[in-house]
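The sequence and structure come first, and the notes follow.

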Amino acid sequence: MTAALQVERLNRAFGALPVTRDVDLMLERGARRALIGPNGAGKTTLVNLITGALKPHSGRVLLDGEDITALSQADRARRGLARTFQINQLFRGLTVLENLCMTIGERDGHCDNLWRSAGSKREVIDEALGYLDSLRLTDDALKLVRELPYGRQRLVEIAIALAQKPRVLLLDEPAAGVPSSESHLILDVVAALDPDIAVLIIEHDMDVVFRFAKEITVLVQGAVFTQGTPNEIMNNEQVRAVYLGQEGHRGGHHG
Amino acid sequence: MAASEIISGAMRERAADYLTKRHRFRAAEALPWLIAIAVFFIFPTRMTFGSQVLVMVMFALSLDLILGYAGIVTLGHAAFFGIGAYTVGLAAARLDWTEPISGLFAAAIAAGLVGFVTGWFLLRYRGLTLLMLTLATAILLQETGNLRSDISGGYDGLPGLTFKPLLGIFDYDLYAHTYYLYVLAVLAVMFYLVRRIVYSPFGQALTGIRENVRRMHAIGSPVHRRLVTVYTIAAAIAGVAGALFTQTNAYVTLTVFDFDNSAKVMVMLILGGTGRLYGAFIGAAVYMVLEDYFSKLSPTFWQFGIGLVLVLAVLFAPRGILGLFERMGSYFAERKRS
């Protein structure tokens with residue numbers, strides 16, 4: 001069986017500073033993998049390389065066995081590679097519903113149409129409302145995104161990714177910036193994701209990581225330090241030394 | 001449980017309604033058109049000026065499509081106005097092609113083509129870089145015209161152009177009544193086109209690019225293609241406006257490519273309100289009427305008056321005149337509720 005996502009010997013440097021070094025990573029279909037590592041380990045850079053926001057200097061990215069390294073970010077997204085951002089990237093001046101309808105429109109190629117009205121396809125609206133329902137955002141459907149509290153904006157971020165119907169989903173700290181009283185809502189959503197979607201989650205909260213992930217990759221200074229099951233990682237002395245030791249067993253968020 | 005399901009069902013309906021009905025025409029939208037027709041009867045001697053206002057409305061409308069909806073900031077929109085103006089000017093002066101309506105089509109195609117080619121190169125850039133590149137494009141076109149003044153007439157222009165009667169029947173009278181109605185009719189067609197585009201899924205994608213281009217890339221939008229498409233359309237409409245400008249004035253000079261012209265249309269649009277379609281109407285009309293009034297009041301210092309109005313607008317109506325109306329509307333709605 002080909003992996004949903006395969007990253008092979010990926011390298012990238014910013015100037016003289018290597019930020020991604022020979023990274024190999026694989027997500028099987030329906031994988032639940034966490035990517036952890038201290039600040040500055042290059043986790044977000046790796047997500048940017050996988051999605052195509054950044055170009056690697058060497059190495060390959062394969063989606064369902066197809067080499068997508070040369071494709072643009074948009075082409076990769078249309079092939080089923082979705083992501084959420086560590087800091088919200090939403091259409092702030094539009095309503096929540098429009099955020100979703102636009103995503104569906106771009107996914108299905110409706111947005112090439114210059115003539116019919118955007119609201120004339122009822123099935124698009126119904127599908128959008130479906131995602132909002134599942135994330136309990138229906139009551140906010142007609143609010144502008146910028147009027148929502150940050151925690152609910154984080155949910156819109158996830159709703160957009162879901163509306164892309166991805167095969168591979170990269171979640172960059174989905175609960176970042178959300179007060180811990182609300183973060184369980186987001187983590188429940190993450191836990192309930194479609195089992196067919198391969199998910200890679202970057203997360204600092206070790207409780208979440210150990211609860212959610214079946215496999216963990218530890219990134220240190222741009223390179224894969226080790227990977228394994230949550231138990232293996234927890235009992236790995238070296239990981240405890242470089243990561244768990246200094247970062248501790250704490251929740252919350254940081255940049 | 002059942003009650004909350006009913007409530008969320010009602011919410012769903014309301015939300016769906018909002019999107020399915022948003023593109024419908026509202027009664028208030030008839031207002032600018034009724035005013036335009038009323039002007040025809042009330043000021044029969046000011047029809048040349050009226051035609052010029054309508055031409056600028058069309059020009060500002062084309063800018064709204066790219067600036068207000070797609071968020072493309074340009075200081076070279078006069079390039080397309082100029083291409084359109086010179087297409088019909090040169091066709092009439094050099095090729096004796098004086099049929100007005102086919103001239104509009106030729107202008108749209110020529111300006112659209114220039115928009116497509118320059119857009120394809122320039123729309124990879126954003127912000128200040130794009131501002132400078134669009135500005136440079138207009139200047140390059142102007143200087144090209146200047147270089148070949150044997151063809152373009154240079155800064156002396158192409159004077160004394162004559163055009164065939166409209167549809168072969170309606171000739172142009174002294175007070176330009178025919179021109180006014182002709183420009184108004186073309187504006188209505190262009191407005192309908194722009195309105196369809198704005199409310200289409202494509203138009204939605206444009207607002208997405210304006211709101212957050214990073215997110216658009218991430219959801220798989222072919223951003224560059226979308227931008228080039230809308231830039232081409234806006235260029236074509238600006239070209240039609242330019243063509244009408246030449247036809248109504250019966251002359252054209254290279255000043256149509258001036259930076260002044262690009263800046264003026266942007267000021268008009270921002271004065272009226274961007275991303276609202278009707279901002280182009282209000283902005284262009286208010287600006288032109290003020291300019292006309294102040295220049296009669298004081299032929300030397302009229303720009304001071306315009307400048308003062310703009311400073312006031314920036315201070316008290318940062319989202320344009322329409323934005324001010326919206327704010328007043330919601331203010332009174334709030335007061336009524338409490």
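## Helix α3 of chain A

α3(A) is mostly covered, with twelve of its twelve residues buried; buried stands for 20 or more other C-beta atoms within 10 Å of a residue's own, exposed for 12 or fewer and partly exposed for values in between, with C-beta atoms placed from the backbone.

After α3(A) comes A:G109, which has a positive phi near 75°.

## Basis of the model

The model is predicted: local features need pLDDT of at least 70 and side-chain atom pairs count only at pLDDT 80 or more, while totals for chains, interfaces and linings use all residues. Residues are numbered from 1 along each chain as its sequence is written, and chains are lettered from A and ligands numbered from 1 in the order in which they are written.

Helices (H or I, at least four residues) and strands (E, at least two) are DSSP runs numbered from the N terminus.

A:D22 is not a glycine, yet its phi is positive at about 50°. A:D22 sits in strand β2 (residues 17–27) of chain A and is partly exposed, with 14 other C-beta atoms within 10 Å.

A:Q221, also a residue other than glycine, has a positive phi near 50°. A:Q221 lies in the loop between β9 (215–220) and β10 (223–228) of chain A. With 14 other C-beta atoms within 10 Å, A:Q221 is partly exposed.
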